[in-house]
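Subject: Structure handover

Hello,

Here is the structure for you to take over. My notes on it follow below.

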Amino acid sequence: MIRSLIVCLTLVSFGNLLAARAESTAPPAGSRRPNVVFILADDLGWRDLGVYGSTYHETPNIDRLAARGLRFTQAYAANPLCSPTRASILTGLYPARIGITAPVCHLPQEILEKGLTAPQPHVRIQVANSLTRLKPEYITLAEVLRGAGYVTAHFGKWHLGHSGPYEPKDQGFDFDFPHTPQVPGPGGGYLAPWKFIKDPAIQGAPGEHIEDRMSAEAARFIRNNKDRPFYLNYWCFSVHSPWSAKPELVEYFRQKANPDSPQRNPVYAAMVKSLDDAVGRIVAAIDECGLADKTIIIFFSDNGGFAYPPQREGNRPVDTQPPGYAHIPATSNLPLRSGKASIYEGGTRVPFIVVWPGHTQPGTVTESLFSSVDFFPTILEMCGIDRSRYHVDGISQVAAFEGKGSPRKEVFCHFPHGSENQARNIPGFLPSAYLREGDWKLIRFFAANPDGTDRFELYNLAEDIGENHNLADKYPERVAALRIKLEKYLADTEAVIPRQNPDYRGEAAKDPLLGWKARNCQAEIREGKLRLTATAASPFLGYAVGQQRGPLQVAFRLYVLRTAANSQGKLSGKVEWLPPSGERPAPVPFEMTSTGPQTVLVEVPWTKPIGIVRIYLPEGCREAEVEWIEITGPGQKKRFDF
C-alpha cells in the first residue's frame, strides 16, 4: 500500500500521468509555433569543432550555424555516456532520478528498477545496476510537442530501449528512420551495405555514408512538412565507434595531419567532416523552404570526446580502424581533462549552439552554465507551451538565450559506474558524482578509499580548467559546504549510491593462489590455508618472479598432513628457479624436522634475473598445508597470505 502511494506521488510530481499527454496549448492567435530541429552528435568532444578551437577538423557548416546564433562554452551533458544524457534531454529529469545511468539500453533484458549490482568477491565496489529502458510513464518532449500540434520525427540513434513500448514511435515520434532502436552504434561501419539496419527496404549504394542518407531523408521530411510546425530529432550516429569513414576523406586528413598536434587522427577527422556535411544538408533544406526565421536549431553532444587510442573501446577490439591509426587517440579534449566516460570536464562539457531567430543574437558567445536537463522546459517556453504542469529537474534557459543571464548556478552529475581498472585507461572512469557551483567543482568518488569511505577532489575551474590541482585539503570548509549540497541532489533524485562490496575478498577471490601455480597436485583454500594434495610425483608450487634479480630469501609456513606409506620418514624438499637465460642452476634443498607446522627459510644465491621460483613438497608428501609464503629480494618483499 505504501509503495503504491509512493509510486503514485512520483508520477504526479514529475509529470508522468498519461492524461498529461492529451493536453495541448493553443498557439497565440494568428501565429504559428516555431519548428524545432534538435541535432545531437554522439561522442563529439568540446574541442572538435572549428568554432571551438580545432585547427585540424573541418566543420564549416556547424561554424556557420554558430555565426547565426549563440554558442555556449560551459554547457554540460547530464552524464559522461550517451543513454543517460539522451533520457535527460527527452524528459528534463536527471539520469539519477530516471535510473538510466549507463549506456545499456540495447541489452535484451529489461531492467526497470533501480538497485546495486551483486559483484563477484574480487570486485571492490558495488555500482548501480542501470535501467535498460526509458519507462513509458515518463512524458517526453516529443509527446508534449505532438500534443501541441507538431508533427514529430526521429532520425538516427535512439539507445533508450527496444522490443516493447520503448521505441521512438512509443515515445511521441510519428516517424522513425532508419529504425535502429536496438543498436548502440552503427555496428559494421558507416558505409553501405549497412549491417546494423534490419529493414530490408533501407538499402544504400556501396560506400554510401549513413549520415548522407539520414540527412537527405531529414531534408525530405522538412520539405514535406514545411507548412506545419515540426519537431525533428536528428540524433547522429557520428562520431561514435566503429571508426570508419569515407576513404577519400581519410586520405585528405592523413596528408593534413600534424604529428605534433593532439588532434591528428585522420579517420576521426573524416568522421567529423561527414557529420558536418549532414548538418549542412539539414540547414540548407530549412533555408530553401523559407523556414529560417521560423525554426529553432539546436546543436549539442551527448558526452565528451573519445580521447583515447581507438584500437580498443571497452573490451571490444575495434577492427574497422584502418591500419596505422589504431594507436592514435581519436581526438583530444585539451585543455579539458580526460573524455567520454569520465567524471572530469572532458567527459561532460560539450559543444552547444542554439539558433532562435529574433531571440538569440548572431555570433554571440556565453559562459552561462547549461545542463541537458534544461532542454525540456526551455524548448516548451520557446514554443509558447505552458510548462508549469510539467515538474522537471531542468530550468528554462530562455533568459540566457536572450542575453539576460542564466538562472542556473549549479551543475549536478551522478555517474555510479566504472572501476579502478577502467580508470587506468580512462582517468575519472570511477563511481562518482560532482556538483559545480560557480567556478568550483567538487567530485565525490564513492568508496574510493581503502577503508570504503569516499574520496573528494575540489577544483577551481576558472583558474584550473584542466583539473590538475586538487584543492580539497586546502579548502576543507568549501568541500564540506559543497558536499552538503551534493548530498541533497543525491537524496532528492533517489540516486543509487555505490558502496564497498560487503563480500569483497580482494584479488584472492579472483585468484585464490595469488599468482602461484600448483603442478602435480590439487590446490584449494581451506580456512585460510592452501591445501595441496599430490596427484603425481614431485608436486610443487611455481611463481613467476620475472626479471627480479637475486639473491632471494624464500620463506614459508608448511604443515605435512600425510605422507606415502613407503616413506622413509625423511622430509626433504627443495627450492629451484628457472632463469629466463635458460641456465639450470642446482636447487637449494631444505629439510623439515617434523610433520607439524614449521617455518622453512631457504636462501637462493642467484644474483641474475630469477625467472620462476618453484617450491617442491618434501619427498613422499601426499598432502600438506601452506599458511603463507614470503619472497624477499634486493629492495623488495612480497608476502602471500592464503
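In which loop is the place of Pro-335? Pro-335 sits in the loop between β9 (316-317) and α9 (345-348). Keep in mind that this is a predicted model.

**Cis peptide bonds**

The bond from Leu-334 to Pro-335 is cis, and its omega is near 15°. The bond from Gly-550 to Pro-551 is cis as well, with omega near 5°. Pro-551 belongs to the loop between β20 (540-549) and β21 (552-563). As background, most peptide bonds are trans.

**Positive phi**

Most residues other than glycine have a negative phi. His-159 has a positive one, near 60°. Its loop runs between β4 (151-156) and β5 (175-177). His-159 has a relative accessibility of 1%, so it counts as buried.

Glu-494 also has a positive phi, near 55°. Look for Glu-494 in the loop between α13 (476-492) and β16 (499-500). Is Glu-494 buried or exposed? Glu-494 is exposed, because its relative accessible area is 54% and the cut-off for exposed is over 50%.

**Helix packing around α8**

Start with helix α6 (residues 210-224) and α8. Their axes lie 9 Å apart, at an angle of about 10°. Angles under 35 degrees count as roughly parallel, so α6 and α8 are roughly parallel to each other. On the α6 side, the contact includes Glu-211, Asp-212, Ala-218, Ile-222 and Arg-223. On the α8 side, Ser-274, Arg-281 and Ile-286 are among them. By class, this contact of α6 with α8 has eight nonpolar, two polar and four charged residues.

Now take helix α7 (residues 247-256) against helix α8 (residues 266-288). The axes of α7 and α8 come within 8 Å and cross at roughly 120°. The two helices are therefore oblique to each other. The crossing of α7 past α8 is right-handed. From α7, Leu-249, Val-250, Phe-253 and Arg-254 take part. They meet Pro-266, Val-267, Ala-269, Ala-270, Lys-273 and Ser-274 in α8. By class, the contact of α7 with α8 has seven nonpolar, one polar and two charged residues.

**Nonpolar cores**

In soluble globular proteins, nonpolar side chains tend to be buried together. Which members of the largest nonpolar core touch the most other members? They are Leu-44, Ile-222, Leu-232, Tyr-234 and Phe-299, in a core of 80 residues. Helix α8 gives the most to this core, with 13 residues. A second, separate core has 48 residues, including Leu-40, Phe-72, Trp-356 and Val-398.

Leu-232 deserves a look of its own. Leaving out residues up to four places away in sequence, Leu-232 touches Val-36, Val-37, Phe-38, Ala-153, Phe-155, Ala-218, Phe-221 and Ile-222. Two of these partners, Ala-218 and Ile-222, are also α6 residues that meet α8.

**Val-355**

Val-355 is in strand β10 (residues 349-355). Its relative accessible area is 5%, so Val-355 is buried. Which residues does Val-355 touch, not counting those up to four places away in sequence? They are Leu-65, Arg-68, Gly-69, Thr-295, Ile-296, Ile-297 and Thr-360. For a distance check, take Val-355 and Ala-257, which are 98 residues apart along the chain. Their C-alpha atoms are separated by 32 Å.

Best wishes

Conventions:
Residues numbered from 1 in each chain as written. Predicted model: local features only at pLDDT ≥ 70, side-chain atom pairs only at ≥ 80, totals over all residues. Heavy atoms only, no water. Axes fitted to C-alpha atoms, helices over the stretch in contact; angles between N-to-C directions. Helix = DSSP H or I, 4+ residues; strand = E, 2+ residues; numbered from the N terminus. Parallel < 35°, antiparallel > 145°, perpendicular 65-115°, else oblique. Left-handed = near helix turned anticlockwise from the far one by under 90°. Contact = heavy atoms within 4.5 Å. Nonpolar A, V, L, I, M, F, W, Y, C, P; charged D, E, K, R; others polar. Core = buried A, V, L, I, M, F, W, Y, C linked by side-chain atoms within 4.5 Å. Buried < 20%, exposed > 50% of the residue type's maximum accessible area, 1.4 Å probe, protein only.
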